[in-house]
Amino acid sequence: MKRHSKQKERPVRPIAADGIIINAGQVILVRRANEPFKGRWVLPGGMLEDGESLEETLVREMREETGLVVKPIAVVSAYSDPSRDPRKTISVAFLCEVKAGKIESSAEGKAKAFPIYKALEMDLGFDHNTVLRDGISKLVHTYIDTMLMEGLKRDAPVLHLKRKGSAFRRLVFVMLSARTKDEMTEKATNRLFSKYKTAKEMAKANLAELEKLIYGVGFYKTKAKKLKALAKHVAEKGIPKSLDELMQLPGVGRKTARVFLAEMGKAIVGADVHVHRISNRLGLVNTKTPKETEEKLSFLKPWERAHINLAMVTYGQTVCKAKPNCKLCPFKKFCAYFNGVNSKSPTTHSVRK
Ligand code: SF4
């Protein structure tokens, strides 16, 4: 093979490790004492030194810049856009948990813990807004995996529904669930579908019979009327796929449509009472209504948007209930509510369906 007489020079770029340290619903940031981005808040991090693995760099830099001893939980991503840093650094970001220590500033800058929801809205230096959003998406991914496992162990009612439900049955379940406990909704849906298997059969049902079958769910009389109209529409035209069209169906509002689409695996945050309450408790958001929660979580990546509803309903039915059973929860050290950090976390009194 013919060799070029003059070999092309390969660029040499510094490698760094950045840390997204999560503790009690907060993330640790550092206000830079030096250029570049002097005076701006950034994620802690630093350059790889000779003889180190990247994980060793991470642990050393986190200790030097924040005073905390951390353990990496997951790799978030690598960031290599040459314009991200005037030094053209390539960085690998890690999600970390705190093992020991207390926050201390250094010559690199002042270290401070910020609520996750606040840090997500700050104007950070470098490309750290993107890195932080990716890191929180990764965190939510790990929450979702664990919540589903815990819910499966404890036989969450929603997982039964998911296993045997047709699209129409799931739509009816979500519609009936407004202002009703999940256990009650589950019983009413089972009674209803043991008598009427399809939308066509349900459309022909006697109204008084429908009322009797769903008795116990909130506003059962109004819902029985809407259910009959919904069944007629679905029997004639099927279930539409878009959010806008779904919202035109009888008895299907914005929240029902979004939760249903999320149930069907679409990349959409369907924030019901569980998603709203648990996201606030974990410190991911600080919101008053499920609609606000939906908006604040819309930065999540598609997989997390599609699965957050099922995971948090599963978890809300078994562990993080209205009165949470924190003793069973593996997220204690990450949770704002458990650590008393976010006093505005919704409580049993402030969150209603
Ligand atoms: S169960 Fe307790 S520790 Fe776990 S997420 Fe809920 S409030 Fe936080």
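## Domain contact, helix packing and local backbone

Q: In this predicted model, how many residues of domain 1 are in contact with residues of domain 2?
A: The assignment divides the protein into domain 1, covering 15–126, and domain 2, covering 152–334, and their C-alpha centres lie 39 Å apart. Where the two domains touch, eight residues of domain 2 take part, and the number on the domain 1 side is eight.

Q: Which elements each supply at least two residues of the side of domain 1 that touches domain 2?
A: The contact brings eight residues of domain 1 against eight residues of domain 2. By class, the residues on the domain 1 side are four nonpolar, three polar and one charged. The elements that each give at least two residues to this side are β1 (15–23) and α2 (116–119).

Q: Are helices α3 and α14 parallel, perpendicular or oblique to each other?
A: The axes of α3 (residues 128–153) and α14 (residues 302–318) come within 8 Å of each other and cross at roughly 40 degrees, and the crossing in which α3 passes α14 is left-handed. An angle counts as roughly parallel under 35 degrees and as roughly perpendicular from 65 to 115. The pair α3 and α14 is therefore oblique.

Q: How many charged residues are in the contact of α3 with α14?
A: On the α3 side the contact includes Val-140, Ile-144, Leu-148 and Glu-150, and on the α14 side it includes Trp-303, Glu-304, Ile-308 and Met-312. Divided by class, the contact has nine nonpolar and seven polar residues, and the number of charged ones is two.

Q: What is the handedness of the crossing of α5 and α11?
A: The axes of α5 (residues 167–176) and α11 (residues 254–263) come within 9 Å and cross at roughly 140 degrees, and the two helices are therefore oblique to each other. Arg-170, Leu-171, Val-174 and Met-175 of α5 meet Thr-256, Val-259, Phe-260 and Glu-263 of α11, a contact of five nonpolar, one polar and two charged residues. The crossing of α5 and α11 is right-handed.

Q: Which residue joins Pro-36 through a cis peptide bond?
A: Most peptide bonds are trans. Pro-36 is found in the loop between β2 (26–32) and β3 (41–42). The bond in question has an omega of about -5 degrees, and the residue that it joins to Pro-36 is Glu-35.

Q: What is the phi of Ala-24?
A: Most residues other than glycine have a negative phi. Ala-24 is found in the loop between β1 and β2. Although Ala-24 is not a glycine, its phi is positive, at about 50 degrees.

Q: Which residues are the closest to the ligand?
A: The shell around the ligand has eleven nonpolar, no polar and two charged residues. Of the 13 residues that surround the ligand, the closest are Cys-320, Cys-326, Cys-329, Cys-335 and Phe-338.

Key:
Residues numbered from 1 in each chain as written. Predicted model: local features only at pLDDT ≥ 70, side-chain atom pairs only at ≥ 80, totals over all residues. Axes fitted to C-alpha atoms, helices over the stretch in contact; angles between N-to-C directions. Helix = DSSP H or I, 4+ residues; strand = E, 2+ residues; numbered from the N terminus. Parallel < 35°, antiparallel > 145°, perpendicular 65-115°, else oblique. Left-handed = near helix turned anticlockwise from the far one by under 90°. Contact = placed C-beta atoms within 7 Å. Nonpolar A, V, L, I, M, F, W, Y, C, P; charged D, E, K, R; others polar. Near = placed C-beta within 6 Å. Domains from an automatic or database assignment.
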